[in-house]
Amino acid sequence: MTGITFTPIGTVRSPFRDPRDMPIQPVGARGVRGTVELDPAYAAGLKDLTGFSRIIVLYHFHRSEGYALEVVPFLDTTPHGVFATRAPRRPNAIGLSVLRLAAVEGATLHLDDVDILDGTPVLDIKPYVPAFDAYPDERSGWLASTSDDARTRRSDGRFC
């Protein structure tokens, strides 16, 4: 396979400067405000985004180095395959957060429930569409018994 190169389209601004002790999922970041400062060259791509209450932000885990194919995730004490987790140390360090869109102001997106480190490069933004993206009756594997813990669990630096 050949390499793939992405060019960030913007940057996340959040209160989290250190990956330790930050929320591990947006559900644990209720009320945390932040922004995506989009490169002005991409501002026209925000047309009609204000009609959506949530967006999917795809980003690069820029502070994560290396990866392991088995990890002990924040919500368990047992090793799991990295692809069965949302751990940041991955072969391609890509993260995903579904965030509440509060406002669009020029090339800036004002967001709530932000669980992303300040300075994180944004790769893409997509609208969250419940009819396409929500499958509440599906299985969630080993997370079925621990997913509620994401509301209070904080990162501990194990993936820094």
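**View 1. Serine 64 and its contact with proline 88.** In this predicted model, the side chain of serine 64 reaches the backbone oxygen of proline 88 at 3.2 Å; a polar contact here is a pair of N or O atoms within 3.5 Å, where within protein one atom must be able to donate a hydrogen and the other to accept it, and where residues adjacent in sequence count only if both atoms are side-chain atoms. Serine 64 belongs to the loop between β3 and β4 (70-71), with helices (H or I, at least four residues) and strands (E, at least two) taken as DSSP runs numbered from the N terminus. Serine 64 counts as buried because its relative accessibility is 15%, given that buried means under 20% relative accessible area, exposed over 50%, and partly exposed in between (1.4 Å probe, protein chains only).

Residues are numbered from 1 along each chain as its sequence is written, and side-chain values use heavy atoms, with hydrogens and water left out. Because the model is predicted, local features need pLDDT of at least 70 and side-chain atom pairs count only at pLDDT 80 or more, whereas totals for chains, interfaces and linings use all residues.

**View 2. Strand β6 and its two antiparallel partners, β3 and β7.** Strand β3 (residues 54-60) and strand β6 (residues 94-105) run antiparallel and are joined by seven bridges, and two strands are said to pair if DSSP finds at least two bridges between them. Within this pairing, leucine 58 stands opposite leucine 96 in β6. Strand β7 (residues 108-112) is also antiparallel to β6, the two being joined by five bridges, and arginine 100 has aspartate 112 in β7 as its bridge partner. A hairpin is formed by β6 and β7 with two residues between them, and glycine 106 in the turn has a positive phi of about 65°.

**View 3. Salt bridges around aspartate 118.** Side chains of opposite charge can pair when their charged atoms come close. Eight salt bridges are found in a search of the whole structure, each defined as a side-chain nitrogen of Lys or Arg within 4 Å of a carboxyl oxygen of Asp or Glu. One of them joins the side chains of arginine 13 and aspartate 118 (3.5 Å, N to O); arginine 13 lies in strand β1 and aspartate 118 in the loop between β7 and β8 (121-127), so this pair ties together parts that are 105 residues apart in sequence. Arginine 13 is partly exposed, at 34% relative accessible area, while aspartate 118 is buried, at 18%. The side chain of aspartate 118 also meets that of arginine 17 in a salt bridge (3.8 Å, N to O), and since arginine 17 lies in the loop between β1 and β2 (33-38), this pair ties together parts 101 residues apart in sequence. Arginine 17 is exposed, with a relative accessible area of 55%.

**View 4. The salt bridge between aspartate 113 and arginine 54.** The closest N and O atoms of aspartate 113 and arginine 54 are 3.8 Å apart. Aspartate 113 lies in the loop between β7 and β8 and arginine 54 in strand β3, so the pair ties together parts that are 59 residues apart in sequence. Both residues, aspartate 113 and arginine 54, are buried.
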